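Work through the exercises below with the model open. Each task is followed by a solution in steps.

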Amino acid sequence: AKDLRGKLVGVCVSGGLDSKTVSKRLVEEGVQVLAFSADLGQPDEDDIQNVSKRMATCGVETVIVDLKAEMAEGCFDVVRCQARYDGGYWNTTGIGRIVTCHGLVTAMQKRGVQVLSHGATGRGNDQMRFERYTNVLAPSMLVYAPWRDPELLKEFPGRSEMVTYLSKFGIEAFVGPKKKYSTDANLAGLSHEAEDLESVQTPMTIVDPEMGVWPKDAPDAEELVELTFEGARCVAVNGKRLSPLEVISLANTIGGRNGLGISHALENRIIGTKSRGVYEAPGMELLGRALEYLYQAVLDRRAAALFAHLSSLVSNQIYDGRWFDPATVAARKAIDELTKTASGVVKVGCYKGNIHFHSLSDVAASLYNEADSSMEASDGLNPVSSQGYAEIQAVEARSLALAGQIAK
């Protein structure tokens, strides 16, 4: 921390105990500190301006950066790419870090910040995400990770030491009852991990959903939802055109009350360890599954296979903090090309954690032809014409068999 004297340090804060402790400790060390916080539409923060009030007690000014619109666009990107990670959960935290880092680094540059300080631990993914994004977006900006600083780790081995430290300055802080888990939130969803969830003997149901309900507590009646897509982007819900932010917000409400998008994962972290998480992403699940039905109509077999490969690549890149890398940019452009015809109206039913397909309409680029697929007599594909294709396939099949290359 002493090495930071003479530099303007931008501290990424949430207004919690860690943020207060680090900021106050740096101020007492004679470091010039300016706090930054991102408004990502996080459902667990009633008023983002409260962050400024909490940080002011440490003698630090806080810059609140409104990134809700950018976060909504990030949600749309994840849905378009169908970017799910280990266990099939939506990459909500990963996309949140992209939006946060881009928005805060940009704001810090405007204020002349020379060092970015983040509060990520030395055992998780976020330390790598914050540092990589800072490195690629602002190569000359330094990064300070207080929870990898041996001096601070020794001084603050636990939360009680932080409370004691802050109390010396009359700063309100307390350690409440031990939490069952910790939560990270943004518009896309919530991730719950640590504490009791670290034991695989603990059921995921200890989590109290904040964006909705468990499926068993959802209504007994199916709720029908009509989603209109243009070029793989949802532009209307139940016939009403909305902005991306409004779409995600409404989808969260609808999905949440029907118990959608709660998942569990033992995931592979960037640094090689495994971690356990319980995730909520009701709106992402609703929009993503509906779009998946549309993709099934417009992507041919080879396009679908290529999309699946690109989707996996982008998902891993998001998780690893590599959104701006050339490989990610190229993959996203390819996905844009593959999905540009994904337009139409998808009607689904939401029922106790499940999404049921109801109908597809106005899909101009649909490859599905009911007459061709029918098992009954129709004006579609002439079944007799398949004889020639079967005979051509037989040439290769018999050749492999006669050559002894078929495993029996």
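## Exercise 1: helix H3 and its partners

Begin with a pair of helices: Asp 77, Arg 80 and Cys 81 of H3 are in contact (heavy atoms within 4.5 Å) with Arg 332, Ile 335, Asp 336 and Thr 339 of H11. The residues of this H3–H11 contact comprise two nonpolar, one polar and four charged. Here Ala, Val, Leu, Ile, Met, Phe, Trp, Tyr, Cys and Pro count as nonpolar, Asp, Glu, Lys and Arg as charged, and the others, Gly among them, as polar. This is a predicted model, in which local features need pLDDT of at least 70 and side-chain atom pairs count only at pLDDT 80 or more, while totals for chains, interfaces and linings use all residues. Residues are numbered from 1 along each chain as its sequence is written, and side-chain values use heavy atoms, with hydrogens and water left out.

Step 1. Two packed helices are described by the angle between their axes and the distance between the axes. Axes are lines fitted to C-alpha atoms, for helices over the stretch in contact, and angles run from 0 to 180 degrees between N-to-C directions. Helices (H or I, at least four residues) and strands (E, at least two) are DSSP runs, numbered from the N terminus.

Step 2. For H3 and helix H11 (residues 326-339), the angle is about 70° and the axes are 10 Å apart. H3 and H11 are therefore roughly perpendicular to each other; the classes are roughly parallel under 35 degrees, roughly antiparallel over 145, roughly perpendicular from 65 to 115, and oblique for the rest. The crossing of H3 with H11 is left-handed, a term used if the near helix is turned anticlockwise from the far one by less than a right angle, with right-handed used if clockwise.

Step 3. Helix H3 (residues 68-81) and helix H8 (residues 244-257) have axes that come within 8 Å and cross at roughly 70°. H3 and H8 are therefore roughly perpendicular to each other as well, and their crossing is left-handed.

Step 4. On the H3 side of the contact with H8 are Lys 68, Ala 72, Glu 73, Cys 75 and Phe 76; on the H8 side are Pro 244, Leu 245, Val 247 and Ile 248. Seven of the residues in the contact of H3 with H8 are nonpolar, none polar and two charged.

## Exercise 2: single residues

Task: is Ser 315 buried or exposed, and what does Ser 315 contact?

Step 1. Ser 315 is in helix H10 (residues 301-320). Its relative accessibility is 1%, so Ser 315 counts as buried.

Step 2. With neighbours within four places in sequence left aside, Ser 315 is in contact with Ala 83, Arg 84, Tyr 85 and Asn 91.

Step 1. Asn 238 lies between strand E11 (233-237) and strand E12 (240-241). Asn 238 is partly exposed, with a relative accessible area of 45%. Not counting residues up to four places away in sequence, Asn 238 touches Leu 224, Val 225 and Glu 226.

Step 2. Ala 232 sits in the loop between strand E10 (223-230) and E11. Phi of Ala 232 is positive, near 70°, in a residue other than glycine. Ala 232 counts as buried, at 4% relative accessibility.

Step 3. Lys 352 is in the loop between strand E15 (344-351) and strand E16 (354-361), and its phi is also positive, near 45°.

Note on methods
Buried means under 20% relative accessible area, exposed over 50%, partly exposed in between (1.4 Å probe, protein chains only).
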